[in-house]
Amino acid sequence: MGKRLGMEVAVAVAEAVGLCNIDMAAVYPITPQSHIAEHLSDLVADGKIDAEFVTVESEHSAMSAVIGASGTGARSYTATSSQGLMLMHELLPIASAMRLPITMAIANRAVSGPLNILNDHSDIMPQRDAGWIAVFAENGQEAIDLSIQAFKIAEHKDVMLPVCVNIDGFQLTHMVEPLEMPTQEEVNQFLPPFVPHATLHPAKPVTMGAFAMSDYFTEIMKAKDEAVKNSKKVILDVWNEWGKLFGRSYKPVETYKADDADILMLTMGSMGETAQMAVDELRDRGVKAGLVKLRLWRPFPFPEIKAAVKNAKKLIVTDRAVSFGGPGGPVFSEIKSALFADTRRPAIYNYIIGLGGRDVAVNEFAGMFEKVLADTGNVAADTYEFWGVRE
Amino acid sequence: MNIVENFDLYAPRLINKKELLSAGHRACSGCAEVLAVRLMCKALGENTVIASATGCMEIVSSMFPTTAWEVPWVHVAFENAAAVASGIEAGLKALRKKGRIDDRYVKVVGMAGDGGTMDIGFQALSGAMERGHDMIYVCFDNEAYMNTGIQRSSGTPMGASTTTAPAGKVSSGQKTWKKNMPEILVAHNIPYVATACPSYPLDFIRKIEKAKSIKGPSYIHCFSACPTGWRCPSHQAISMGRLAVETGVFPLFEVEHGHYHLSPDMPKKLKPIKDYFKGQGRFRHLTPVEIDMIQEKVTTEFKKLTEKAKFLKTGTE
């Protein structure tokens, strides 16, 4: 077991990736991802990682280069944020369709405009249907753990899909936290070498990225859908193994005081810990409040979500992104859709919170609970609201 | 394996007999570009990995579940062939160093059309060349977006009629001069830049072989006649390429470490450009005045090139 050290989370993520024997990384600077790229380049410059480090001229080329490298069978990594992720967008479904096990850190940041460098989830939400496995870290330790696990999940022969690890920009990336870094021996024991299915090498020539028309396209899309769905089994296995090796267990959905709760709050990412404090406050006042934290965004954990909310009368879903003119925040839409067929589902309320780095304090989470508690709880009244907005 | 008719008679030692772009692809009849790609593969040999941009050559060669490629080949998107190739080069380098693949030398090649190179892929190409990846980039220039239906690109020559810069009552087609891509690549200070045309197959093969021998980035701009888009008979693709060279519209030259050489096939005296224009529907609307204006530009540009070849030659010449 590694020592507990105070470290900046972005630096720790780079250190963790450095333990994973990567062969290649391609990065382009963008706030708040840059500390990951900078520290990775330090590790390469000091000879601590034996990898090709390609400083590309855009995020589009970063994703293109890791696709090329992953095609050769190299363990390939990149990291980005916001506009960079939007620039990569075109290539994300191609990477998953090509079944390339790329791993990427996303230091989540608001998407322009107006330009804003601070945290929310508006960058990852438009990537929802790219066919990538997507996980969210709640704190620095999770950011490290999920980053290492990502390689094992992505490269598993039954998965072969890219994975993105979402780490809230600034709120997590720039925070100094006491973190436990696994040792090289522990990572070596956990993470086997990457054995690719097919590679771009003249020893056995293959064609990758072929052109497919209507006679095959649907079948290829179905195969990708099956692959993303089936990845869940491997994700659970990897998380169980991690729990046994490191004593920190991971589940698709985490709950806090949720079993007997009448009212639940759902968060994704770093705000879970703040919301947890609000739950404690409400419990102190005798309110049966609880928390549900969604860690696995894709593949979506339907049974776990259903189980987590089955006893609640009211559910508050928080969203860190907006679906303009749509049915509510993207997480809300998914949760609502997942629970639609349940006749005893809770009334679902949606608050859009923490956009562009706006802080959401404990008392505000408590305020959301109170406002919803005061409502009559009509299921048909499901709607969304911007929390804390100046009108 | 296909053998060129009478192959054994005319060039047994000069051209690799092995077909690495096999027959059965779906290119138009008379396509000079697919011929150029086939010649390129012969010159590169088996120890090659090719990253192709979206475009004619990609769709005609890789219709799932078939492939015409006998070398490792990958297509990702339109604007990123150079970036994908840089990743392949980095990946192979890392794996070779770690002993995870055999230690043979593999040449990485990026390829795209004029749109994929000069317009949408320009940034990725500039980045890859600047970073100094050990790769060859080949632009197959047929002077418009032929795959999507003959739309103008920055490679379309002045006066050519395309579907988005058509000749009309108040327009004479393309209103801009063709972007001088080889000079832009020379400005990247890469070891080797050359122009080529499949109408001069031995010259083209020699240039690919030279690029292959260089450790570092090289760029070959291959002029590839498109009978479909240029509106000329499909049996004239080769003669159109020759006329482009003979008129100085597309001069053949090489730039090695900044030193210019005109290629041996360049004639001493150029033919008038109207000889080249007259066989092509895309130039049919041009008036004698407009042709004279273009002739003047071609003459000036060729003079500039010959001056460079004179003053920027190597010391040994």
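1. E1(B) and E2(B) run parallel and pair over three bridges; for two strands to count as paired, DSSP has to find at least two bridges between them. Helices (H or I, at least four residues) and strands (E, at least two) are DSSP runs, numbered from the N terminus. Ser52(B) has His75(B) as its bridge partner in E2(B).

2. Before going on, a word on the source: this is a predicted model, where local features need pLDDT of at least 70, side-chain atom pairs count only at pLDDT 80 or more, and totals for chains, interfaces and linings use all residues. Residues are numbered from 1 along each chain as its sequence is written, and chains are lettered from A in the order in which they are written.

3. E2(B) also pairs with a strand of the other chain: strand E9 (residues 207-208) of chain A joins in the parallel sense, over two bridges. Here Met208(A) has Val74(B) as its bridge partner.

4. Which strands make up the open sheet, and in what order? Nine of them, with mixed pairing: E9(A)-E2(B)-E1(B)-E3(B)-E4(B)-E8(B)-E7(B)-E9(B)-E10(B). E9 of chain A and strand E10 (259-262) of chain B are at the edges with a single partner strand each, so one side of each has no neighbour in the sheet.

5. Now the contact between chains: 42 residues of chain B are in contact with 39 of chain A, contact meaning C-beta atoms, placed from the backbone, within 7 Å. On the chain B side, H4(B) gives the largest share, twelve residues. By class, that side has 24 nonpolar, twelve polar and six charged residues. Ala, Val, Leu, Ile, Met, Phe, Trp, Tyr, Cys and Pro count as nonpolar, Asp, Glu, Lys and Arg as charged, and the others, Gly among them, as polar.

6. Chain A has domain 1 (4-246) and domain 2 (253-386), with bounds from an automatic or database domain assignment. Their C-alpha centres are 28 Å apart, and 27 residues of domain 1 of chain A are in contact with 19 of domain 2 of chain A. H8(A) supplies the largest share of the domain 1 side, five residues.

7. The largest nonpolar core has 222 residues, and Val13(A), Met24(A), Val165(A) and Leu264(A) have the most contacts inside it. Such a core is a set of buried Ala, Val, Leu, Ile, Met, Phe, Trp, Tyr and Cys residues joined through C-beta atoms within 7 Å, buried meaning 20 or more other C-beta atoms within 10 Å of a residue's own.

Methods: Contact = placed C-beta atoms within 7 Å. Buried ≥ 20, exposed ≤ 12 C-beta atoms within 10 Å, placed from the backbone.
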